Amino acid sequence: MTDSIAPIESRDWLRRRSRWSPFEILFWLAALLPFILFPTYLPLASQIAIAALFAISVDLILGYAGIVTLGHAMFFGLGAYFAGIISVRGWGEPVSGLLMAGLFAGIIGYIVSFLITRVQHLALLMVTLGLGLLTYELANALHDLTGGTDGLRGIRTWPIFGQFKFDLWGYTGYAYTLALLFLCFLLSRRLVNSSFGLALRGIRENVKRMPAIGADHKGHLRLVYAISAAIAGLAGGLMAQTTNTVALDSLSFERSADVVVMLILGGTGRLYGAILGTIIFLVARDQLAGINPQYWYFGIGLLLMVVVLFMPTGILGFLARIVDRRK
Amino acid sequence: MMADEDIVLRAEALRKNFGKLEVTRDVAISLPRGARHALIGPNGAGKTTLINLLTGQLKPDAGRIELEGGDITGLAPAHRVRRGLSRTFQINTLFPDLTPIEAVALAVMERERTAGQFWKRLAAHGDAIEESFTILGQLGLADVATRTTRTLPYGQQRLLEIALALATRPRVLLLDEPAAGVPKDESAALFSVIAGLPSDISVLFIEHDMDIVFKFASRIIVLVGGGVLLEADPETVRSDPRVREVYLGHGHG
């Protein structure tokens, strides 16, 4: 690239940035492979798609807007319990149930965002952590509603559109979760390539400058937090509907921490990093934990250190740099 | 003197203490439309503090600030910007990983209240992007519009500071040492850009180089120890014995 670019080319450059690359198309085609190649792994594939959706929700706030969180399982769990409870209470229609679960988590997220935007740095981390723990204990205490430590039982998910039953092998489950992951990905992709996405990057890059250009940066943060909470709620709702169980661990600190680990492994602020990190994390856990659970913790600890030390932009950031250099 | 409605920015009896230290003492200033005023004074005179008070980064202990006749003393910084009061920073306060076109377009879209439209592609905001290119062109930054800000030469980053402020379409522009750290030959070029800004924008700038101050300012406010020592035209300031005394140790006699 030369130093002098005519404005007309610059306009083009702006447009090119949001164009689909062949890698992306290839990736989504590859996401269909489990149907043919690994039908016995479809439940794992569903689990990965759900976790990837959750990781994308965290990437929107952490990777783009720079809000660090250790309590996002709060919204995952709220979505899961909401979808599960309405099913137990007699409404097992999955699509509408899922949308309501996402909306519920999004509304709670919007309310919480007023607290989140008041604090920064370590205090922010503690507030997200605290809210996560509070929600966990609340679900534990509301035994009649949530089943407490026994978990929520009696979820019945009706066929999708009255047609497609959730089968034992997980064909419908994976198709359903993959479709939702793709839709939410499209929405997130549009969001990060919009003026709003630019504003979020502005906040991440220099929050001090934002008021000086007349920006309502707290308003932006509240909006993205609510959207992120809604997507996390959808992921939770999907888990409730495809597994027909909701346990307290859907709200656990561990889930909040794991999703941040997945995101850092894959690379923050690029959406695909969230998906790649989730795949690596969950496939490795599935394989290693099968041998010995200790291998798993040892393995993930080692991997995390290697990535943070040698690939500060995550595995995907590392790969992207290699591709750029080849060009 | 100036008719009252020509005063765009007015501050009265502004006071600010940091503990026992009086950093701003009963400062009154008024900036007429189209002004090119300089704010000078030795280090620690409270120049940046005054800018921070005017733009809302700091809250005054007492006093009143008016923009176009409206009281803005209690307004948050972002709201003052939307009313037309913009500033630049002495130390670059940019978006290092954004490109100039992205940064300026962001400021334009924040002004137009379209920055929250998460459903619309950035490239679809044609008017904002067009305007951003025009602003960058005015400051001679069109050629580097798509380079990452952090890779730009320092002088161009100083210009981008001004571009960001201009994108808010200000009526009053407060420039905190716009040429800080820029070599002397380049700073004259930078100030001719500032002098060439639209004549309806009122400019107040802080600058240490007296040659530049006397060349580009139509009026000079001298701040010493947090208070206004003198406000006058360049000739009067140049010949004032008190000003000479303040600057004696700095090689300007």
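B:Arg111 is buried, its relative accessible area being 17%; buried stands for under 20% relative accessible area, exposed for over 50%, and partly exposed for values in between, with a 1.4 Å probe and protein chains only. The model is a predicted one, in which local features need pLDDT of at least 70, side-chain atom pairs count only at pLDDT 80 or more, and totals for chains, interfaces and linings use all residues. Residues are numbered from 1 along each chain as its sequence is written, chains are lettered from A and ligands numbered from 1 in the order in which they are written, and side-chain values use heavy atoms, with hydrogens and water left out.

B:Arg111 takes part in a salt bridge with B:Glu112, with 2.7 Å between the closest N and O atoms. A salt bridge is counted where a side-chain nitrogen of Lys or Arg lies within 4 Å of a carboxyl oxygen of Asp or Glu. Over all chains, the whole structure contains 24 salt bridges. Side chains of opposite charge can pair when their charged atoms come close.

A further salt bridge joins B:Arg169 to B:Glu131, at 3.5 Å from N to O. B:Arg169 lies in the loop between α5 (154-167) and β7 (172-176) of chain B, and B:Glu131 lies in helix α4 (residues 126-138) of chain B, so this pair ties together parts that are 38 residues apart in sequence. Helices (H or I, at least four residues) and strands (E, at least two) are DSSP runs, numbered from the N terminus. B:Arg169 counts as exposed, at 52% relative accessibility.

B:Lys184 and B:Asp209 also form a salt bridge, in which the closest N and O atoms are 2.7 Å apart. B:Lys184 belongs to helix α6 (residues 184-195) of chain B, while B:Asp209 is in the loop between β8 (202-206) and α7 (210-216) of chain B, so parts that are 25 residues apart in sequence are tied together by the pair. B:Lys184 is exposed, with a relative accessible area of 53%, whereas B:Asp209 is buried at 16%. Elsewhere in chain B, a network of salt bridges links B:Arg10, B:Arg64, B:Glu66 and B:Asp71.

Helix α1 of chain B (residues 47-55) is largely enclosed by the rest of the structure, because eight of its nine residues are buried. Among them are B:Lys47, B:Leu50, B:Ile51 and B:Asn52. The helix is followed by B:Gly56, which has a positive phi near 95°.

In chain A, A:Glu93 is found in the loop between α5 (73-88) and α6 (94-116). A:Glu93 is buried but has no salt bridge, and the nearest side chain of opposite charge, that of A:Lys165, is 15 Å away. The side chain of A:Glu93 does make a polar contact of 2.7 Å with the side chain of A:Ser96. A polar contact is a pair of N or O atoms within 3.5 Å; within protein, one must be able to donate a hydrogen and the other to accept it, and residues adjacent in sequence count only if both atoms are side-chain atoms.

Two residues of chain A other than glycine have positive phi values: A:Phe161, near 55°, and A:Leu271, near 60°. A:Phe161 lies in the loop between α8 and α9 and is exposed, with a relative accessible area of 62%. A:Leu271 lies in the loop between α13 and α14 and is buried at 3% relative accessibility.

The loop between α8 (143-146) and α9 (171-192) of chain A also holds A:Trp169, which is exposed at a relative accessible area of 59%. A:Trp169 is 130 residues from A:Pro39 in sequence, and their C-alpha atoms are 7.6 Å apart. A:Ser228, in helix α12 of chain A, is buried at 0% relative accessibility.

The second largest pocket is lined by 29 residues, and those nearest its centre are A:Gln47, A:Ile50, A:Met239, A:Thr243 and A:Arg255. On a 1 Å grid over the protein atoms alone, a pocket is an open set of points with protein on both sides within 12 Å along at least five of seven lines, and lining residues have an atom within 4 Å of a point. The largest share of the lining, six residues, comes from α4(A).

How values were computed. 1 Å grid on protein atoms, 1.4 Å probe; cavity = no way out; pocket = protein on both sides within 12 Å on 5 of 7 lines; lining within 4 Å. Lys, Arg positive; Asp, Glu negative; His and termini not counted.
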